[in-house]
Amino acid sequence: MKFKECDTVKIMKDCDEGIKKGEIGVVIMVFEKPNEAYEVEVLDEEGYVKTQCTLLPEELELV
């Protein structure tokens with residue numbers, strides 16, 4: 001497992017949920033089955049949840 005809950009991560013690709021490559025998010029949930037994946041929450045400039053999406057380990061980088 002590369003990341004854990006509460007890790008700050010940089011998103012390495014554009015996502016359908018409106019997230020752009022380079023945005024910063026926080027891992028809020030870790031999935032191990034059926035594949036390793038992470039639920040990541042991204043906040044807007046005012047601190048409100050902009051969106052959240054599920055990403056694979058290769059789509060994230062630890063900040």
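## Overall fold

The model is predicted. The protein has zero helices and five strands. Along the sequence the pattern reads β-β-β-β-β. The radius of gyration is 11 Å, close to the 11 Å that the globule rule gives for 63 residues, so the protein is as compact as a globular protein of that length. Along the principal axes, the C-alpha atoms fill a box of roughly 35 × 20 × 20 Å.

Of the 63 residues, 32% are buried. The protein exposes about 4300 Å². Carbon and sulfur atoms supply 50% of that area.

Charge comes next. The protein carries 8 positive and 16 negative side chains. The centres of these two sets lie 6 Å apart.

## The nonpolar core

Which residues make up the largest nonpolar core? There are twelve: Phe3, Val9, Ile11, Cys15, Ile19, Val27, Tyr38, Val40, Val42, Cys53, Leu55 and Leu60. Three strands, β1 (8-11), β3 (37-43) and β4 (49-55), each supply at least two residues of this core. The largest share, three residues, comes from β3. In soluble globular proteins, nonpolar side chains tend to be buried together.

Val42 is one of the core residues. Beyond its neighbours within four places in sequence, Val42 is in contact with Ile11, Ile19, Glu23, Ile24, Gly25, Tyr48, Val49, Lys50 and Thr51.

Leu60 sits in strand β5, residues 60-62. Is Leu60 buried or exposed? Leu60 is buried, with a relative accessible area of 6%. Setting aside residues up to four places away in sequence, Leu60 touches Phe3, Val9, Lys10, Ile11, Met12, Tyr38, Val40 and Leu55.

Ala37 lies in strand β3. Its relative accessibility is 7%, so Ala37 counts as buried. Which residues does Ala37 contact, leaving aside its neighbours within four places in sequence? They are Met29, Val30, Phe31, Thr54, Leu55 and Leu56.

Glu23 has a place in the loop between β1 and β2. Glu23 counts as buried because its relative accessibility is 18%, and the cut-off for buried is under 20%. Not counting residues up to four places away in sequence, Glu23 touches Val9, Lys10, Ile11, Gly18, Val42 and Lys50.

## Exposed residues and backbone features

Asp16 lies in the loop between β1 and β2 (24-31). At a relative accessible area of 83%, Asp16 is exposed.

Cys6 is found in the segment before β1. Cys6 counts as exposed, at 63% relative accessibility. Its phi is near 80°, a positive value in a residue other than glycine.

Where is Pro34 found? Pro34 is in the loop between β2 and β3. The peptide bond leading from Lys33 to Pro34 is cis, with omega near 0°.

## Distances across the chain

The table pairs sequence separation with C-alpha to C-alpha distance.

| Pair | Apart in sequence | C-alpha to C-alpha |
|---|---|---|
| Asp16 and Cys53 | 37 residues | 8.8 Å |
| Leu60 and Ile24 | 36 residues | 9.5 Å |
| Glu23 and Thr8 | 15 residues | 11 Å |
| Ala37 and Lys13 | 24 residues | 15 Å |

The C-alpha atom of Cys53 is 8.8 Å from that of Asp16, and Asp16 is exposed. The C-alpha atom of Leu60 is 9.5 Å from that of Ile24, and Leu60 is buried.

Notes. Residues are numbered from 1 along each chain as its sequence is written. This is a predicted model: local features need pLDDT of at least 70, side-chain atom pairs count only at pLDDT 80 or more; totals for chains, interfaces and linings use all residues. Side-chain values use heavy atoms; hydrogens and water are left out. Helices (H or I, at least four residues) and strands (E, at least two) are DSSP runs, numbered from the N terminus. The radius of gyration is taken over C-alpha atoms; the globule rule is 2.2 Å times the number of residues to the power 0.38. Buried means under 20% relative accessible area, exposed over 50%, partly exposed in between (1.4 Å probe, protein chains only). Accessible areas come from the Shrake-Rupley method with a 1.4 Å probe; for residues, only the protein chains shown count as cover. Lys and Arg count as positive and Asp and Glu as negative; His and the chain ends are not counted. The place of a charge is taken as NZ of Lys, CZ of Arg, CG of Asp or CD of Glu. A nonpolar core is a set of buried Ala, Val, Leu, Ile, Met, Phe, Trp, Tyr and Cys residues joined through side-chain atoms within 4.5 Å. Contact means heavy atoms within 4.5 Å.
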